[in-house]
Amino acid sequence: MPTAQEHKKKYQDNKEVLNSVFDCNNKLHCNWIVTISFYISLHIIEAKLAMNQNLHSRDHKQRDEIIENCGLFSRNVKSKYKQLKSNCWSARYSKNDMAPTIANQMKRFAEEIEAEVFPEQNK
């Protein structure tokens with residue numbers, strides 16, 4: 001299983017790609033922005049779980065259960081993560097494309113999760 005540092009590097013790499021390659025106002029980028037924003041959040045959460053409780057999830061279902069029951073994450077983080085996941089699934093598997101407003105919101109959710117889970121990263 002990846003270490004906390006490996007998860008942190010993965011989310012930081014994804015964040016760099018998101019901020020340097022994709023434009024939230026370009027409709028062709030919106031599905032990717034939503035998907036990458038979800039995976040940024042996933043790795044933030046996995047890093048925190050690995051650091052604080054040495055927990056690692058096997059899959060999305062187990063991660064959802066851990067997030068809900070571990071006591072590390074606020075209702076705000078849980079809610080935003082669920083919305084990111086739901087929109088990511090829609091972006092990846094639905095025939096409909098994400099709108100720029102949704103892409104911007106999901107990117108902001110990932111930033112807000114990072115700010116709450118790792119406030120030291122934003123100093």
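I began with tryptophan 89, which is partly exposed, with a relative accessible area of 30%; I note here that the model is predicted.

I then looked at what surrounds this residue, and found that arginine 92 lies over the face of tryptophan 89, at 5.9 Å from the ring centre. Ring pairs also join Trp89 with Phe38, Tyr39, Tyr81 and Tyr93 into a cluster.

Next I asked how many aromatic pairs there are, and the count came to five. One of them is the stacked pair of tyrosine 11 and phenylalanine 118, with 6.2 Å from centre to centre and 5° between the planes. This pair links distant parts of the chain, since tyrosine 11 belongs to helix α1 and phenylalanine 118 to the segment after α5, 107 residues apart. For phenylalanine 38 and tryptophan 89 I noted ring centres 5.5 Å apart and planes at 85°, so that pair is edge-to-face; it connects helix α2 with helix α4.

The charged end of lysine 8 sits over the ring of phenylalanine 118, 4.4 Å from its centre, and the two residues are 10.0 Å apart, C-alpha to C-alpha. Leaving aside neighbours within four places in sequence, the contacts of phenylalanine 118 include Tyr11, Ile44 and Met51.

Last, I looked up the largest nonpolar core, which has 32 residues, and wrote down Ile44, Phe73 and Tyr81 as being among those that touch the most other members. Its largest share, eleven residues, comes from α2.

Key. Residues are numbered from 1 along each chain as its sequence is written. This is a predicted model: local features need pLDDT of at least 70, side-chain atom pairs count only at pLDDT 80 or more; totals for chains, interfaces and linings use all residues. Side-chain values use heavy atoms; hydrogens and water are left out. A nonpolar core is a set of buried Ala, Val, Leu, Ile, Met, Phe, Trp, Tyr and Cys residues joined through side-chain atoms within 4.5 Å. Buried means under 20% relative accessible area, exposed over 50%, partly exposed in between (1.4 Å probe, protein chains only). Helices (H or I, at least four residues) and strands (E, at least two) are DSSP runs, numbered from the N terminus. Contact means heavy atoms within 4.5 Å. Rings of Phe, Tyr and Trp (its six-membered ring) pair if their centres lie within 6.5 Å; planes under 30 degrees apart count as stacked, over 60 as edge-to-face and the rest as tilted. A charge sits over a ring if NZ of Lys or CZ of Arg is within 6 Å of the ring centre and within 35 degrees of the ring normal.
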